[in-house]
Number of protein chains: 2
Amino acid sequence: MLRAIADEYRTNLFESVIPFWMRHSVDREFGGYFTCLDREGAVYDTRKYVWLQGRQVWTLSKLYNEVEPRRPWIEAARLGVEFLRRHARDPQGRCYFSLTREGQPSFYQRKPYAGVFLMLGLLEYSKASGDLDCRREAEELFWLVRDWVADARLLGRPALEGAPALRQLADLYVTCSMALELATATSDPRYRDILAECLRDARLHFHPGSGLLLENAAADGTPRLEVPEGRLICPGSICEVAWFLLRALAFHPNERQQQWVLSTLEAAIEFGWDRQHGGLFYFQDLEGKPTLQLEASMKLWWVHIEAIVALAHAWAIDPRPKWRNWLERVHEYTWAHFPDPAHGEWFGYLDRQGNVSHTLKGNNYKGCFHVPRGLLYASRLLEEED
Amino acid sequence: MLRAIADEYRTNLFESVIPFWMRHSVDREFGGYFTCLDREGAVYDTRKYVWLQGRQVWTLSKLYNEVEPRRPWIEAARLGVEFLRRHARDPQGRCYFSLTREGQPSFYQRKPYAGVFLMLGLLEYSKASGDLDCRREAEELFWLVRDWVADARLLGRPALEGAPALRQLADLYVTCSMALELATATSDPRYRDILAECLRDARLHFHPGSGLLLENAAADGTPRLEVPEGRLICPGSICEVAWFLLRALAFHPNERQQQWVLSTLEAAIEFGWDRQHGGLFYFQDLEGKPTLQLEASMKLWWVHIEAIVALAHAWAIDPRPKWRNWLERVHEYTWAHFPDPAHGEWFGYLDRQGNVSHTLKGNNYKGCFHVPRGLLYASRLLEEED
């Protein structure tokens, strides 16, 4: 059964997902990628969103590096890298959020994530191309992102005395994801140290009563913040952080911490699963209080593929039936709702009941990243283990 | 029938809506208002959101000024005004978006709207209290907001060469709403001139093919912007702007422009009505392309009460059956879905099918404003005309 699922994932990845992006997304005129693509692949917004440019460079380079060195993949990756290196950063080295089709800056977001995905793209591309400038730029960017995460004033966000002092799970997992790639690509011990730091910091998000990781922990590590952000649960984040931490544990083996990570994953899936309509919620309040996010009860593609990757990791290291059962359950829901056999790729957004609420295949946050990464990683894990 | 609806609105306003806010929202310890209230009125976030502080001051002062000079209303308004005057503005005179319960700045948004609602609250309160400082501050703020709308760099937003050059319908109607209050309260001719400017500028949003007003028009007044923002339709915005413009026309009578405004209202209701599940959509794409807003197909309380107010205005000046029919249709949907007889006030957010998706009565955008204003204005119009 799991072997059959792995085969389905590979088929979907190479016959539906990647062809969709290669056919519709690459801008051969100005470079970079269109990501606002409708159900059939038509462009409905020509802007270039920097998160998604970096992510697509990463995905295409990764396939080239680890699946097969196909020329169209690396050539499309190069179109992204060149566009990003020309246009993505402002005179202070910070990254724009979006650019026009031609590369003029369009929007600046006071967040570090555009830098994260630019860094990941440059590093993976440098492995494929041997371009040492890219690699140097990626490493420099890693340390800049560290600074931006530590002090958002560097991004132009004012420090206000009444702002809740919190640490975000997203900051932890993007740091972990970057450090994992660098710890693998280099022998610099600092990246391994940062993975150890991530493993320590994850505990600051732990909520003992529920076994969940809070999306926002108090910065001082002590009591829970008495604002909705302090009670916010995003099952998708917990799944994503779980598999990053399991990979970080390969650098710092610790059986007890591994069990702890698995326990947070199990708690997230149990808490996040919608027992009425199936699927995992996007956001929830720890105490069942109202959420400020209007999209809280929607079912999102990335939450589900991240859950699959995390559960595949769990099953690979701890082959107990509960992981297999959850994996099959999340797979069945996902497979019945998200992929679009008619036009390729996946739908991204369902309402709580499971109806497709947006027929788009890409937008300013959904691009060529979570689906192909998840299908690649999950299929490998399930092939190894079955 | 319409007389009976007017009675229902008055009953709902004075027996359900206002008691809910007076009972649960006023912070008698630190001043200002809690607006993050769950279904039963319990506070789930103690922060004070500046838009909603100003709006509640306006509502309570308006009721005091125009319905009955009840002491609890003006005392609660004073608690809001004092809190805002102590805490709402930064050293440069700009307005924070949110404050802690005690009044420390918590978040700064690069938008002019906190200033708009602070201005409206101060002006209405000054009429109730005779406080001339409030009135002066309101007038000064009006001109500051004008500057902020004209140049967002004053709010700290970078001017980027690739940003779409657009003018927002929201900027038009907040300007119109402020100028209407000032043109009524003062004899300064500049406010009437600004109403004439709003009537002119509204035409820049007109899309001839559909008869709709675009949420974002090209700043130079010519071709439609080829980004999703340029195709964005918000039926609630068109309804709100319609009744502001109809009121502005009382200062600058023009039969032809009145008919034009009514035509945009009719187009908005016809385009925005969900023929499958009923209710008005939140956001739509003019050409049926995907929207970037995840909450696009949800049904929101303010869209529906604004539609009712706009349709009541239309019916009052143009008593043709089509207005009465739409009014009754929107009323029936609204009345069946939003008010909460069990605990008072209205639900704010439904999914497309009409299920309550969030049981909260208030949050960082929903407070004591659209519902009471709409019930007051609509009941007056329907009493006059039936």
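This is a predicted model: local features need pLDDT of at least 70, side-chain atom pairs count only at pLDDT 80 or more; totals for chains, interfaces and linings use all residues.
Axes are lines fitted to C-alpha atoms, for helices over the stretch in contact, with angles from 0 to 180 degrees between N-to-C directions. Helices (H or I, at least four residues) and strands (E, at least two) are DSSP runs numbered from the N terminus.

Helix 4 of chain A passes helix 5 of chain A in a left-handed crossing, a term for a near helix turned anticlockwise from the far one by less than a right angle, clockwise being right-handed. On the side of helix 4 of chain A, the contact (heavy atoms within 4.5 Å) includes Gly115(A), Leu118(A), Leu122(A) and Tyr125(A); among the residues of helix 5 of chain A are Cys134(A), Ala138(A), Leu141(A) and Trp148(A). By class, this contact of helix 4 with helix 5 of chain A has twelve nonpolar, two polar and two charged residues. Ala, Val, Leu, Ile, Met, Phe, Trp, Tyr, Cys and Pro count as nonpolar, Asp, Glu, Lys and Arg as charged, and the others, Gly among them, as polar.

Residues are numbered from 1 along each chain as its sequence is written, and chains are lettered from A and ligands numbered from 1 in the order in which they are written. Local features need pLDDT of at least 70, side-chain atom pairs count only at pLDDT 80 or more, and totals for chains, interfaces and linings use all residues, while side-chain values use heavy atoms, with hydrogens and water left out.

In chain B, helix 9 (residues 235–248) packs with helix 6 (residues 169–185) at an angle of about 35°, the axes being 10 Å apart. Helix 6 of chain B passes helix 9 of chain B in a left-handed crossing.

Helix 9 of chain B passes helix 11 of chain B in a left-handed crossing.

Helix 11 (residues 301–317) of chain A is largely enclosed by the rest of the structure, because 16 of its 17 residues are buried (under 20% relative accessible area, with exposed over 50% and partly exposed in between, for a 1.4 Å probe and protein chains only).

Tyr333(A), found in helix 12 (residues 321–337) of chain A, counts as buried at 7% relative accessibility. Leaving aside neighbours within four places in sequence, Tyr333(A) has contacts that include Trp273(A), His304(A) and Gly354(A). Tyr333(A) and Gly354(A) are 21 residues apart in sequence and 9.2 Å apart in space, C-alpha to C-alpha.

Glu345(A) lies in the loop between helix 12 and strand 13 (349–350) of chain A and is buried, with a relative accessible area of 0%. Phi of Glu345(A) is near 60°, a positive value in a residue other than glycine.
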